[in-house]
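Please look through the sequence and the model shown here, and keep them at hand while reading.

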Amino acid sequence: MKLITAVIKPHRLDEVKDALQAFGVHGLTVTEASGYGRQRGHTEVYRGAEYTVDLVPKVRIEILVEDDDAEQLIDVVVKAARTGKIGDGKVWSVPVETAVRVRTGERGPDAL
Amino acid sequence: MPDGFSAGDTAFVFICAALVMLMTPGLAFFYGGMVRVKSTLNMLVMSFISLAIVSVLWVLYGYTLAFGPDAGAGLIGNLDFLGMRGIGLNDITGTIPVTAFSAFQLMFAIITPALISGAVADRTKFTGWALFVALWVTVVYFPVAHWVFFFDGGNGGWLGDRNGVIDFAGGTAVHINAGVAGLALCLVLGKRVGFKKDPMRPHSLPLVMLGSGLLWFGWFGFNAGSALAANGVAGMAFLNTQVATAAAVLGWLAYEKIKHGAFTTLGAASGAVAGLVAITPACGSVSLLGAIAIGIVAGAACAAAISLKYRFNFDDSLDVVGVHAVGGIIGSLAIGLFATGHVGQSAQGLFYGGGLGQLGKQAMGVAVVAVYSFVLSWLLGQAIHKTIGLRVSEDVEVAGIDQAEHAESAYDFSAVGASLGRAVSAATAAHTTAAAKKTEVDA
């Protein structure tokens, strides 16, 4: 099994979710995140005091998949998340030792 | 009711008193939105406690010190009305019951110390603040209100009644007074941890907008109500208030756009308050064109003045000096330039052929109130700071004053955060609080 993690622009979440559903992914976890890459942050002004805001809002998506599906699923996420502008985010995968479905106790790929 | 009583005027003044009362919660929101999340509640309750403390002191001795018969030289009222005794149910002043006048003036006494709280955000010990409010209204606000607002046919307050300083609704007694006190108090307390280094951006601009909207609304009571009658002067004060405030929003936004490249929401809200402050003393003596001029100047000048704290290195957290002291001074001096002599007052300003006479009187009023307020506020602040303490520990300030001083947090949006809490019995809670206090003392 693999854990796919994607950090993307918040407004692309719906597209990514729809694409994953079409691909046949049954579940995912979404977290609100902050971060920056090459695009860095922006400047805000409050009563004359200027602040650079380094961290910009992002959405972090986590999906557990079987090994064979991993590469294709990464492509699906990347395609759905892409706007072509700076700040589109990153996607990566790491191997996962085991997974358990809490309700039934099923283990491994059966738990997905 | 006796001859001269007017039911219309009385109804108007009661409504205005309620409008002015609403300004204090409005101010709490205006300030509350501007601080960081961790001190939101402290900021709100610093204003709210003024409603509680000053109301009680007002009926006990505040009214008689401010509006009792003059005790000598126009400096303070005598104690004839201690506890509001000796005021009959049907006694009137002008055309309204004394009770209505007293209620209206009380609301001014409440908001003035509340205004100061913005200068000392995030770091003021609540007991120290409460004591400061009680002492400050006693030795600063009540006497200054007497100087400026008490008229008794030439035997009233020494600035207004005896020397012709014009302050229609409180440019000196309320705004310069509070603004300068804010400066004194933030100098006593010192800068916040991270001043000029950490970002201290407002946590909720919608709350700031709500607060400035409530202030604007309530200010019609403040200014028009100061005519103490539902008449033409009140109408003029009402319209002057609206148009000066509007012009100040434009003035502030124009300055900001030129200087910083953006029209900010906070700038619009701050410009409105700057305009309201500046027109307060002048709304009963200037024309609508004069009001527009005062508004534009005040908006732009206050927008420029708020950066002084960075240059001179004092942490007036929410710009009480830049908005209330500077705005109040502009409005008070502007009377000496723009008074037409045809609104509520006969004195004329420089631009209307009155020469420099009124301008000199206004400058004297500004200087007297500013010096008196600064010295007394600084002394009171030092006295409290050296005894029961006026500033929380650095740990408390960094962690957030809300939890340490009030045992609450302003917002709980997090499902995880809520599930971490566990209900404890009342006894356990009291015990925990005591333990927390002990830890704080030890620290």
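Reader: How should I read the numbering and the model?
Author: Residues are numbered from 1 along each chain as its sequence is written, while chains are lettered from A and ligands numbered from 1 in the order in which they are written. This is a predicted model, in which local features need pLDDT of at least 70, side-chain atom pairs count only at pLDDT 80 or more, and totals for chains, interfaces and linings use all residues.

Reader: Which radius of gyration does chain B have, and why does it agree with a compact globule?
Author: The radius of gyration is taken over C-alpha atoms, and the globule rule is 2.2 Å times the number of residues to the power 0.38. Because a compact globule of 443 residues would have a value near 22 Å, chain B agrees with the rule, having 22 Å.

Reader: How many helices and strands has chain B?
Author: Both are DSSP runs, numbered from the N terminus, with helices (H or I) of at least four residues and strands (E) of at least two. Counted in this way, chain B has 16 helices and two strands.

Reader: In what order do the four strands of the open sheet in chain A stand?
Author: Two strands pair if DSSP finds at least two bridges between them, and in this sheet the pairing is antiparallel. E2 (29-35) and E6 (89-95) of chain A each have a single partner strand, so these two stand at the edges. The order in chain A is therefore E2-E5-E1-E6.

Reader: Which residue is the bridge partner of A:Glu32 in E5(A)?
Author: E2(A) and E5(A), the latter covering residues 56-65, pair in the antiparallel sense over seven bridges. In E5(A), the bridge partner of A:Glu32 is A:Val59.

Reader: How many residues has the largest nonpolar core?
Author: A nonpolar core is a set of buried Ala, Val, Leu, Ile, Met, Phe, Trp, Tyr and Cys residues joined through C-beta atoms within 7 Å, where buried means that 20 or more other C-beta atoms, placed from the backbone, lie within 10 Å of a residue's own. Among the residues with the most contacts inside the largest core are B:Val20 and B:Ile294. The number of residues in this core is 152.

Reader: How many residues does the contact take from chain B and from chain A?
Author: Two residues are in contact if their C-beta atoms, placed from the backbone, lie within 7 Å. The contact takes eleven residues from chain B and, from chain A, seven residues.

Conventions:
A residue is buried if 20 or more other C-beta atoms lie within 10 Å of its own, exposed if 12 or fewer, and partly exposed in between; C-beta atoms are placed from the backbone.
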